[in-house]
Amino acid sequence: MTQAVLIVIAILAILLSLHLFVIVWLYWQQRNSKSSPQSHPAYLVVYASQSGHAEIWARHTAEQLRLVDDQIVVRNIQDLSINDLTEQQRILWVVSTYGEGDAPDSAQSFINKAFTQGLDLSHLSFAILALGDRRYANFCQFGQRLEQWLVQQQAHALFDTVLVDQLNSRDLEQWLSGLEQLTSMQFSDLPSSQQMLQLKFAHRQCLNKGSLGEPIYKVQLIGDEDLVWSSGDILEIQCENNLDDIEAFLQSQQQQVTSALATQLSTLNLRKLPSKAEQSFEQWMAQFGYLPKREYSIASLAENGFIELVVRQQHTETGLGLGSGWLTQGLQQDQILQAHIRHNPSFHLTHDARPLILIGNGTGIAGLLAHLRQREHWGYKQNWLIFGERQQQFDHLYQTEIHYWQQHGFLDQVDYAFSRDQVEKVYVQDCLRGQSTRLLTWVAQGAAIYICGSLNGMAGGVDQALKEILGLDLVEQLKQEQRYQRDVY
């Protein structure tokens, strides 16, 4: 074998070795790139949502982050494990607080398994977007409680926790700003936040004339386009000032009442005015805040061709409540209302024939009605309604429709709790205790439980009764299986 041949063979051997090395290296890189994101995404975005807002903002946050890094995972807090906490490097939390400082129902399992133990989370960095309502004493309490626990476990904050009052846009801008500084990219607001519907006011009717309680109205609105929603969804209305209030305000400021000024002032908050100081009326008006939005359960189905709400008048120090006053008194025939339909998947029905137990009180009848109308539309008949109000004579809301469902087999059982019709007050939780055997049977048959109405009193009382009758473990199992759903306020 000549020397030239040996040199060629040596060169080929070297090239083959290099080729094999490249193949092995590429294989290792490919395998590593596939496995790493699944176990350690760049960011894990966790949401704890009661009415859907936190989930919406969590998914929007993830969508924005994916513009710079596609290794982003979104997870419901009820599916979060201890391993997730100990293995992840960065977690963004979007959590809501409702009522008097309560965590969302979906967060209870996480609280029970995580908050009761000490963990070493010194490797973990986090940021929290906490949604709440300053009208309640314990503003954003769950978000602040979560922050405190994470710090106690030695986790590190990426930036200060952002506390948001009623989805205030300025508060939310702080969250976007924090993310921008963290990622060196520009974040955008929710694109759907400005997509408001034009709804025409069609009809209102007082449902409880003579009641000891505040008047309850059925309000119907019509859209110019075909609207789509599911039973359980929410209508967010933009509160407005009625014309009388606008005229009174302008006269108090010695301003001429014009249609242009009335339009400008329609959605500005005239109940909470900034300091006027030394400035013109126009400069002062530019500093006014906007009236907030208010949320109402939709009682009708899209197939009905209109949006139906059930609204109880609320009284404040300055008069009727912003939302209830606008809907039950301020709106005039055919006047246009600005609103947005918000999907509320945590209160949607499952399209199957499982038994359904519907529990509520007061204006919570709206969410229950929507579900009953949907069940009738689907042809599912094993439904049980437990409803509470003050007096049967005046507060028997939607009595005719409920009687129709009973007569046509769409309501297997109806129990009422009219609290003021006897010396000792009776509530829906008392009906549950009186029907404990039936409750156990229905749950054993796979029944789902949906609750709509007052958070204070009713919702807590029902939850306690369910735990007494079914046991803590079974109630927790129902929540995990999404067979225990609540839309309470």
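In this model, 24 residues of domain 2 are in contact with 24 residues of domain 3, contact meaning heavy atoms within 4.5 Å. The model is predicted, with local features needing pLDDT of at least 70 and side-chain atom pairs counting only at pLDDT 80 or more, while totals for chains, interfaces and linings use all residues. Residues are numbered from 1 along each chain as its sequence is written, and side-chain values use heavy atoms, with hydrogens and water left out.

**Domains and buried area**

- The protein is divided into domain 1 (44-183), domain 2 (197-342) and domain 3 (347-488), with bounds that come from an automatic or database domain assignment.
- The C-alpha centres of domain 2 and domain 3 lie 30 Å apart.
- Between them, domain 2 and domain 3 bury about 1,900 Å², of which 56% is on carbon and sulfur atoms; buried area is the accessible area (1.4 Å probe) that two parts lose on being put together, summed over both.
- Of the area that domain 2 buries against domain 3, 25% is supplied by Ser 231, Leu 301 and Val 310, more than by any other three residues.

**Polar and charged links across the interface**

- The rule finds two salt bridges across the interface of domain 2 and domain 3, a salt bridge being a side-chain nitrogen of Lys or Arg within 4 Å of a carboxyl oxygen of Asp or Glu.
- The structure holds 16 salt bridges, among them the one between Glu 308 and Arg 373, whose closest N and O atoms are 3.7 Å apart.
- This pair links distant parts of the chain, 65 residues apart, with Glu 308 in strand β11 and Arg 373 in helix α11 (residues 365-378); helices (H or I, at least four residues) and strands (E, at least two) are DSSP runs, numbered from the N terminus.

**The side of domain 2 that touches domain 3**

- The elements giving two or more residues to this side are β8 (216-223) and β11 (307-312), and β11 contributes the largest share, four residues.
- By class, this side has nine nonpolar, nine polar and six charged residues, where Ala, Val, Leu, Ile, Met, Phe, Trp, Tyr, Cys and Pro count as nonpolar, Asp, Glu, Lys and Arg as charged, and the others, Gly among them, as polar.

**Strand pairing around β7**

- Strand β7 (residues 197-206) runs antiparallel to strand β14 (residues 336-342), joined by four bridges; two strands pair if DSSP finds at least two bridges between them.
- Gln 198 has Gln 338 in β14 as its bridge partner.
- β7 also pairs with β8 in the antiparallel sense, over seven bridges, and the bridge partner of Gln 205 in β8 is Lys 218.
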